[in-house]
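I opened this entry to keep track of what I looked up.

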Amino acid sequence: MSLTVNTTINGQAVSASAEASTSLLEFLRDTLEMKGSKLCCNTGECGACTVIYNGKPINSCVTMAADANGAEIITIEGLADGDKLHPVQQAFIDTGAVQCGYCTPGYIISVKALLDRTTKPTAEDIEEAVSGNICRCTGYNKIVDAIHLAADRIAGRA
Amino acid sequence: MEYFEPKSLDEALSLLAKHGHDARVIAGGTDVMVDIKYKEEPGCLINIKKIPGLTGIQENGGSLRIGSLATIRDVEISDLVHHKLPVLWDSSHQFASLQIRNTATIGGNICRASPSGETLAPLLVLEARGKLTFSDGEKTESFTSFFQGPGKTSLGTKGLLTGIDVPYPPEGSRGVYLKHAVRGAMDIAMVGVAVLITPDAAKNNLQDVRIGLGAVAPTPVRASKTEALLRGKPLTAALLKEAAAMAASESSPISDQRSSGEYRRWIVEALTRRGLEQTWKAATGKEVA
């Protein structure tokens, strides 16, 4: 059964049809051709599909596209300002927190959501914020470095 | 697959009356969406998130009323839950990931009736009750009788869980929820043990003891024989050992890809011992004699 999804993605009003069984991730990637949010486990366990939904990070693979109706969604495509990368994106590059890169959009979204809440995250805050994101390459240390660097830059400390 | 977004409880209940066996209720969707993709699409999907009045966490006399659509994150960031129901807070804090906690609802975790459902053993020891609504009325039911088997509850196909009442534990009590899993975050509990104890006024004996076991039987269960063994006694090392072994014998775990039944029994023993020790110390200020 088809339904119409009226939503706001990265500040832009979007209207498109979806099936009741369509996930928000499928809606983004297949209907809207926004491929930045990644499909990986497709069961809500790895975080590669993380988007910000009404201010909160969620797994778009286990969210119904129908639930995007009336919601505000932020995806990785919405972070850069033209050619200027978001401080979290820049910090990931500058610290080398990226290897294969597949988990990176999900991480960056989780970290943006964290730094929207606080620019002075504790070690515990950081661990909690990215505990739902799995990276098989980096060993996590550089990701944590990137989060500290992004927080410092956003707060004007670096 | 038909799809409905009822705007009221009455509308949802009449949809359930009409589509009952063929219908699946969806709220957060973190379990149902996975089933739709990897198991089977139901004939009809009823999204209850647009029904007003089912969210929020409020104090209601000596208990807390939690709306069934409250997310696990709502539970986790509630000061009331943190201060009054630490054993429930423990389980919300150890629940999957932040992304899932932002989406999954407590009502969904309960109605899914998975033996490993993270909030269930804590709700059992807190002696929480569900508010069940049917088209011909509503009733309040203890969660000790609500769970009937994996995925089976007394809601059947026609009822909705609309609220959860959690009475505050007795004055002076201490509780803890201990979870055993391979990975700290995301992982489903191999075993979850909730312990809530209340010492007597002199802090010499266990006046009330409640032990809930998760993931080790077809439903979450209370270890009632172990509770009876402990009641009225001081917690000595010998009693602690006996009680932990008894809790293990009260469990009936299956073997699956996450662990063998035998291993789960060992973990029940270890977590029961640890939980009793911790809560005894916290409640009485004394070491186990």
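What I have is a predicted model.

**Entry 1: H2 and H3 of chain A.** I looked up helix H2 (residues 87-95) of chain A against helix H3 (residues 104-117) of chain A. Their axes come within 9 Å and cross at roughly 125°. Angles of 65 to 115 degrees count as roughly perpendicular and those over 145 as roughly antiparallel. H2(A) and H3(A) are therefore oblique to each other. The crossing is right-handed. From H2(A), I listed A:Val88, A:Gln89 and A:Phe92. They meet A:Thr104, A:Tyr107, A:Ile108, A:Val111, A:Lys112 and A:Leu115 in H3(A). Sorted by class, the residues of this contact are six nonpolar, two polar and one charged.

**Entry 2: Confidence.** I checked the scores next. The model has ipTM 0.97 and pTM 0.96. For chain B the mean pLDDT is 96, with 100% of its residues at 70 or more.

**Entry 3: Chain B against chain A.** How many residues of chain B are in contact with chain A? I found 31 in chain B, against 32 in chain A. About 2400 Å² is buried between the two chains, and carbon and sulfur atoms give 54% of that area. I then asked which three residues of chain B supply more of its buried area than any other three. They are B:Tyr3, B:Met33 and B:Gln99, with 26% of what chain B buries against chain A.

**Entry 4: H11 and H12 of chain B.** Here I took helix H11 (residues 237-250) and helix H12 (residues 261-284), both of chain B. Their axes come within 8 Å and cross at roughly 140°. H11(B) and H12(B) are therefore oblique to each other. H11(B) passes H12(B) in a right-handed crossing. On the H11(B) side I noted B:Leu240, B:Ala243, B:Ala244, B:Ala245, B:Ala247 and B:Ala248. On the H12(B) side the contact includes B:Arg265, B:Glu269, B:Arg273 and B:Glu277. By class I have eight nonpolar, one polar and four charged residues.

**Entry 5: B:Val288.** Where is B:Val288 placed? I found B:Val288 in the segment after H12 of chain B. Leaving out residues up to four places away in sequence, B:Val288 touches B:Leu235, B:Thr236, B:Ala237, B:Leu240, B:Glu277 and B:Trp280. I also checked B:Ile254, 34 residues apart from B:Val288 along the chain. Their C-alpha atoms are separated by 32 Å.

Conventions:
Residues are numbered from 1 along each chain as its sequence is written. Chains are lettered from A and ligands numbered from 1 in the order in which they are written. This is a predicted model: local features need pLDDT of at least 70, side-chain atom pairs count only at pLDDT 80 or more; totals for chains, interfaces and linings use all residues. Side-chain values use heavy atoms; hydrogens and water are left out. Axes are lines fitted to C-alpha atoms, for helices over the stretch in contact, and angles run from 0 to 180 degrees between N-to-C directions. Helices (H or I, at least four residues) and strands (E, at least two) are DSSP runs, numbered from the N terminus. Angles under 35 degrees count as roughly parallel, over 145 as roughly antiparallel, 65 to 115 as roughly perpendicular and the rest as oblique. A crossing is left-handed if the near helix is turned anticlockwise from the far one by less than a right angle, and right-handed if clockwise. Contact means heavy atoms within 4.5 Å. Ala, Val, Leu, Ile, Met, Phe, Trp, Tyr, Cys and Pro count as nonpolar, Asp, Glu, Lys and Arg as charged, and the others, Gly among them, as polar. pLDDT is the predictor's confidence in each residue, from 0 to 100. Buried area is the accessible area (1.4 Å probe) that two parts lose on being put together, summed over both.
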